[in-house]
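This report describes the sheets, salt bridges and a surface patch of one protein structure. The sequence and the structure come first, and the description follows.

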Amino acid sequence: MSGTRSVDLLVVGGGPAGLATAIEGARRGMAVALIERRSGVIDKACGEGLMPPAVRELRELGVVLPHGRPFAGIRYQADGCGAEARFRGGQGIGLRRIALQEALVARAEDLGVHRVQGEVIEIRQTSEFVEAGGLRGRWLAAADGLHSRIRRSFGLERPPRHPQRHGIRRHFRAEPWSDLVEVHWDDEAEAYVTPVDDDLVGVAVLFAGHGSFDAWLRRFPAVASRLGPAVSTPKGAGPFEQRVARRVVGRVALVGDAAGFLDPLTGEGVGLGIAAARALVRCLVSGEGIEAYERRWLALSRRYRLTTEALLCLRQAPILRRRLVPMLQRFPSLFDSALRFMVGSRR
């Protein structure tokens, strides 16, 4: 392809995982180009709570996080019972997704990442290079999201095992009433309340089925009664579960949600995506090769997959679900151990 710009690493997708891949590549001396089909600041329906591992990963990338709202742990609430566990060795940060996006873009620009607006329709690869979007690279990281077109084009999708779940997020003017992320459970849904600023909270409802944000929020009157006026429109996502046969095809690797996703129940999606992005780059620059990334991804995601599968199974068994919070309330050390397992080091 005459006149094609050539780089070391092509990244498709400009969300957190794609930007983290580009940043890590540039930090390690690679020439990086990032292709994103959308213009402007990219928003997405998510809980917006960065767990301590994600905060550490971002700081190691040199990303300067803007003002948000720290949180110290997680509280589960259901049927009049409450149980909480607090982090050890660091805090999480509640942060608007658009603020995180802007911080990542600023860091990528500082490092000289070449950003292109465009849509990748076709990927062509040989034993020596990959071509996409009019660019050529030695490697390509596909970070094009939960419903990845690139993943689908390689025939890597596998059927889901759980009922399809969706989520809707909205922001409300209210002074955060807790230094914890609250998770309110009922038999049909969960409501996540995340402090994202000194006078702002984000509420995300996760559910299997259909319905408006307002209809789902009415199931949680203890949350609704504390909220001031809405300051954003509802934003939805799903279905969440995306099972993937493998994450490497030739010189192409899947990163972030494109690499496979179960559910946002544990709040680990962003942190896992960033950790895996960095692991991919380390495989490429260390001489291990792209094939080693599959093993690294499985190791990094193990805790997330085990914990999320367990919670999804509980969600499908209402009798067991109703016993979860009372049990954690009665045995707080159990919740503490579970939280440490979830947010432990991925290194």
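What is the order of the strands in the open sheet of three strands? The order is 3-7-4, and the pairing is antiparallel.

## Basis of the description

This is a predicted model, in which local features need pLDDT of at least 70 and side-chain atom pairs count only at pLDDT 80 or more, while totals for chains, interfaces and linings use all residues. Residues are numbered from 1 along each chain as its sequence is written, and side-chain values use heavy atoms, with hydrogens and water left out.

Helices (H or I, at least four residues) and strands (E, at least two) are DSSP runs, numbered from the N terminus. Two strands count as paired if DSSP finds at least two bridges between them.

Strand 4 pairs with strand 7 (residues 92-94) in the antiparallel sense, over three bridges. Arg69 has Gly94 in strand 7 as its bridge partner.

An open sheet of seven strands has the order 6-5-14-15-16-13-17, and its pairing is mixed. Strand 6 (81-86) and strand 17 (235-237) stand at its edges; each has a single partner strand, so one side of each has no neighbour in the sheet. On average, neighbouring strands of this sheet are turned by 20° against each other, direction ignored. Angles are taken between axes, which are lines fitted to C-alpha atoms (for helices over the stretch in contact), and run from 0 to 180 degrees between N-to-C directions.

Lys235 in strand 17 is the bridge partner of Arg169. Helix 9 (residues 318-330) lies across strand 5 (73-78), strand 6 and strand 14 (181-185), and runs at about 60° to strand 6. Contact here means heavy atoms within 4.5 Å.

Is strand 15 (residues 189-197) largely enclosed or largely open? Eight of its nine residues are buried, so strand 15 is largely enclosed by the rest of the structure. Buried means under 20% relative accessible area, exposed means over 50%, and partly exposed lies in between (1.4 Å probe, protein chains only).

Strand 14 and strand 15 form a hairpin with three residues between them. Four bridges join these two strands, which run antiparallel, and Glu182 has Val193 in strand 15 as its bridge partner. Strand 15 also forms a hairpin with strand 16 (residues 200-208), with two residues between them. Here eight bridges join the antiparallel strands, and Asp197 stands opposite Leu200 in strand 16.

## Salt bridges

The count comes to 35 salt bridges, a salt bridge being a side-chain nitrogen of Lys or Arg within 4 Å of a carboxyl oxygen of Asp or Glu. One of them joins Glu84 and Arg75, with the closest N and O atoms 3.3 Å apart. Glu84 is partly exposed at 35% relative accessibility, and Arg75 is partly exposed at 21%. Arg86 forms a salt bridge with Asp179, and their closest N and O atoms are 2.9 Å apart. This pair links distant parts of the chain, since Arg86 is in strand 6 and Asp179 is in the loop between strand 13 and strand 14, 93 residues apart.

Another salt bridge joins Asp187 and Arg322, with the closest N and O atoms 2.6 Å apart. Asp187 lies in the loop between strand 14 and strand 15 and Arg322 lies in helix 9, so the pair ties together parts that are 135 residues apart in sequence. Asp187 has a relative accessible area of 27% and is partly exposed; Arg322, at 38%, is also partly exposed. Elsewhere, a network of salt bridges links Glu24, Arg27, Arg28, Glu57, Glu60 and Arg278.

## A nonpolar surface patch

Met327, Phe331 and Leu334 form a nonpolar patch on the surface, and together they have about 260 Å² of accessible area. Patches are made of residues with over 30% relative accessible area and no salt bridge; like charges are joined within 9 Å and nonpolar side chains (Val, Leu, Ile, Met, Phe, Trp, Tyr) within 5 Å. Accessible areas come from the Shrake-Rupley method with a 1.4 Å probe, and for residues only the protein chains shown count as cover. Leu334 is in helix 10 (residues 332-343) and is partly exposed, with a relative accessible area of 39%.
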